[in-house]
Amino acid sequence: MYVIFGMFPVSCARTESSRAEFALGTVCSVTLFERGDNRVYQEIFSRLREIDNRMSVNIAASDVSRINAAAGIEPVQVHDDVFFVIERAVFYARLSNGAFDPSVGPLVSLWGIGGENPRVPTQEEIEKTLSFVNWRDIELDANSKSVFLKKPGMALDLGAIAKGYAADEAAAIIKSAGIERAIIDLGGNIVTCGVKKDKSPWRVGIQNPDEKRGTYIGITQVKEQSVVTSGVYERFFEKDGVRYHHIFSPSGGYPVDNELLSVTVIAHNSIDADALSTAAFVLGYEKGATLIESLPDTEAVFVMKDMTVRKTPGADFTITDKNFSLIQN
Ligand code: FAD
Ligand code: MG
């Protein structure tokens, strides 16, 4: 069995050539079926590192860090791919009415979830920090490919969208190398390339949010699509019996606390599935499902705290764990 973060392609045999490396703050694995040569793997992983170097907030020289350092001071010219991802991020911020907000950087730093010293901030700290979170204060200039954060103290964080972009870029390399079948998994951002030899769909397991990695509650069947999950179990810390996870409400400043444990989005492009899974998680089931259903060729599976699962009508999803029940609308 091919076990990966968050979800896993159930029907992917281990005997095929695959490679895993640490990048983008997570384990990135790529499986090339047939003709998976070393040169293609090298090209993919060096592209992932390039994206990491340009978009990470943990690398001082990255374009995103330079934008953040110049907040309230001046616009910063960035590489085309950074501009593209920020443009898409702003698009999804608008579409989700700010539920998805790439300017959550100050909140991410304040809570420190995933870092060495996470903590629950005071209400006063949260309120002060929220004054720096507003995607409308991100100014983009498509001619000069520059990005300006209007207020000093603002900071971008592309953690909810850049892995999706990186997965799409890996898929593009695979396609141009003429490789017909492949699976990309960047810490739970999955892209299935091509179709299986017998033309049957790929089977991707959706993680059980309460169990160890690789335990799935059901299977979604996809073809040439990306499957991305946002959930409470990816990064969190516990204090006084309360779990604080890493997906924030950009309006309230706390980790989102609604009826959801996770949202999985299935879409053609991973950048879209990544942004939308985070957006739908923040919006909650009702509004999240309405958003997903308004988009063509986009489906979602919602795992709720009460152990029910809901899905958009077009999602091909089957429950395999009988502790969960699928509620058909
Ligand atoms: P998603 O739901 O896709 O995203 C959640 C993340 O997005 C949060 O962690 C936060 O960063 C941000 N976010 C929270 N709330 C919102 C919101 N409402 N709207 C928009 N964004 C929000 N991790 C490390 O530990 N060390 C590293 O060096 C590191 N480098 C990275 C470099 C890059 C280029 C990227 C893309 C990620 C990196 N990461 C690193 C991982 C990153 O910090 C996140 O943990 C990860 O991207 C979360 O992905 P997800 O799929 O679990 O969740
Ligand atoms: Mg995301």
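**Stop 1: a hairpin.** Select strand 15 (residues 299-304) and strand 16 (residues 308-311); the two run antiparallel and are joined by three bridges. This is a predicted model. Strand 15 and strand 16 make a hairpin, with three residues between them. In the turn, click on Met307, which has a positive phi of about 70°. Next, find Val303, which stands opposite Val309 in strand 16.

**Stop 2: the side chains of strand 16.** Show the side chains of residues 308-311. Which way do they point, and are they buried or exposed? Thr308 and Arg310 point one way, while Val309 and Lys311 point the other way. All four are buried. In a regular strand, side chains alternate between the two faces of the sheet.

**Stop 3: the other neighbour of strand 16.** Strand 16 and strand 18 run parallel and are joined by two bridges. Here Val309 stands opposite Leu326. Strands of a sheet pair through backbone hydrogen bonds, either parallel or antiparallel.

Stop 4: Nine strands form it, in the order 2-3-7-8-11-14-15-16-18. The sheet is open and its pairing is mixed. Its edge strands are strand 2 (17-23) and strand 18, each of which pairs on one side only.

One bridge to look for links Ala23 with Thr26 in strand 3.

Helix 1 lies across strand 2, strand 3 and strand 7 (181-186), and runs at about 20° to strand 2.

**Stop 5: helix 1 against helix 3.** Keep helix 1 (residues 38-55) and select helix 3 (residues 80-95). At what angle do their axes cross? The axes cross at roughly 70° and come within 10 Å. The crossing is right-handed.

Show the side chains at the contact. Helix 1 supplies Arg47, Arg54 and Met55, and helix 3 supplies Asp81, Val82 and Val85. These residues divide into three nonpolar, no polar and three charged.

Stop 6: Three strands form an open sheet in the order 4-6-5, with antiparallel pairing. The edge strands are strand 4 (76-77) and strand 5 (138-141). Strand 4 is joined to strand 6 (residues 146-149) by two bridges, and Val76 has Val147 in strand 6 as its bridge partner. Helix 3 packs on this sheet, touching strand 5 and strand 6. The direction of helix 3 makes about 130° with that of strand 5.

**Stop 7: a loop proline.** Last, select Pro118, in the loop between helix 4 (105-111) and helix 5 (123-130). Pro118 has a relative accessible area of 26%, so it counts as partly exposed. Leaving aside neighbours within four places in sequence, Pro118 is in contact with Trp111, Gly112, Ile113 and Phe237. Then find Glu238: Pro118 and Glu238 are 120 residues apart in sequence, yet 9.3 Å apart in space, C-alpha to C-alpha.

How values were computed:
Residues are numbered from 1 along each chain as its sequence is written. Chains are lettered from A and ligands numbered from 1 in the order in which they are written. This is a predicted model: local features need pLDDT of at least 70, side-chain atom pairs count only at pLDDT 80 or more; totals for chains, interfaces and linings use all residues. Side-chain values use heavy atoms; hydrogens and water are left out. Axes are lines fitted to C-alpha atoms, for helices over the stretch in contact, and angles run from 0 to 180 degrees between N-to-C directions. A crossing is left-handed if the near helix is turned anticlockwise from the far one by less than a right angle, and right-handed if clockwise. Contact means heavy atoms within 4.5 Å. Ala, Val, Leu, Ile, Met, Phe, Trp, Tyr, Cys and Pro count as nonpolar, Asp, Glu, Lys and Arg as charged, and the others, Gly among them, as polar. Buried means under 20% relative accessible area, exposed over 50%, partly exposed in between (1.4 Å probe, protein chains only). Two strands pair if DSSP finds at least two bridges between them.
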